[in-house]
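Student: I have a structure open and would like to learn how to read it. Could you guide me through a few features?

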Amino acid sequence: MLYINDHIREMNLQQELQLVSEERRQKVLAIRHEEGQRLSVAAYRLLQQALLQEYGISTAPVFRYGDHGKPFLSSRPDLFFSLSHCRQAAACVLSSKPVGVDIESIRSFCPSLAQRVLNAEELRQVEQSPFPDVAFIRLWTMKEALLKMTGEGITVELADVLSREQAQFHTTVNREAGWVCTVAEPR
């Protein structure tokens, strides 16, 4: 299940900090900028909301970390989640199977970046799109969500990562709010 909060600036940070685990509170307070603090709290609070709504879990989740730093719930290693945030929004996905999510701000298309991270077919798709900025961000979020799902993170060559065909993707585009979000889950 996908949860998104794109009302980050309206959030009462001090109030929300009281609702997170001590572990998360310390991590958030170590972030220098308030915007980063807000985004981190928002993503964690989405996880709390998902756990409560989907599984009736009301205790604040505590994380443990696997290979490449992928977090898992210490009390429920049978549940899988992924968190992401960008300037405009935070996202969380929760599942009973491995899952990944990435949310990114829509920004101007940069051909030199696209050439480094897309394969030839993906680059052609982006260049022929009426909205190359959105087309590029959609592909980027697919790649990052896949790598979060597998637990690899961005430690591999990005150009051909989608050719693995080991995931299905669900993408949401909100041009008005300025973000693209993709969920990856196993086929």
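Predicted model: local features only at pLDDT ≥ 70, side-chain atom pairs only at ≥ 80, totals over all residues.

Student: Let's begin with α2. Which of the residues in α2 are buried?

Tutor: Helix α2 covers residues 22-29, and R24, R25 and V28 are buried there. Looking down the axis of α2, you find these buried residues within an arc of 100°, so they line one face of the helix.

Student: And what covers the buried residues of α2?

Tutor: The cover includes the helices α1 (13-17) and α3 (34-55), along with the strands β2 (63-65) and β4 (80-85).

Student: How do I describe two packed helices?

Tutor: Two packed helices are described by the angle between their axes and by the distance between those axes. Here, α2 and α3 pack at about 160°, and their axes are 9 Å apart. Angles over 145 degrees count as roughly antiparallel, so α2 is roughly antiparallel to α3. The crossing of α2 past α3 is right-handed.

Student: Which residues meet where α2 packs on α3?

Tutor: From α2 come R24, V28 and L29, and they meet Q37, S40, V41 and Y44 of α3.

Student: Now a single residue. Is T182 buried or exposed?

Tutor: Buried means under 20% relative accessible area. T182, which sits in strand β8 (residues 179-186), has a relative accessible area of 0%, so T182 is buried.

Student: What does the side chain of T182 make a polar contact with?

Tutor: Its partner is the side chain of T141, at 2.6 Å. Leaving out residues up to four places away in sequence, T182 also touches others, among them G100, D102, M142 and F169.

Definitions and conventions: Residues numbered from 1 in each chain as written. Heavy atoms only, no water. Buried < 20%, exposed > 50% of the residue type's maximum accessible area, 1.4 Å probe, protein only. Helix = DSSP H or I, 4+ residues; strand = E, 2+ residues; numbered from the N terminus. Arc of directions from axis to C-beta. Contact = heavy atoms within 4.5 Å. Polar contact = N/O pair within 3.5 Å; in protein donor to acceptor, adjacent residues only side chain to side chain. Axes fitted to C-alpha atoms, helices over the stretch in contact; angles between N-to-C directions. Parallel < 35°, antiparallel > 145°, perpendicular 65-115°, else oblique. Left-handed = near helix turned anticlockwise from the far one by under 90°.
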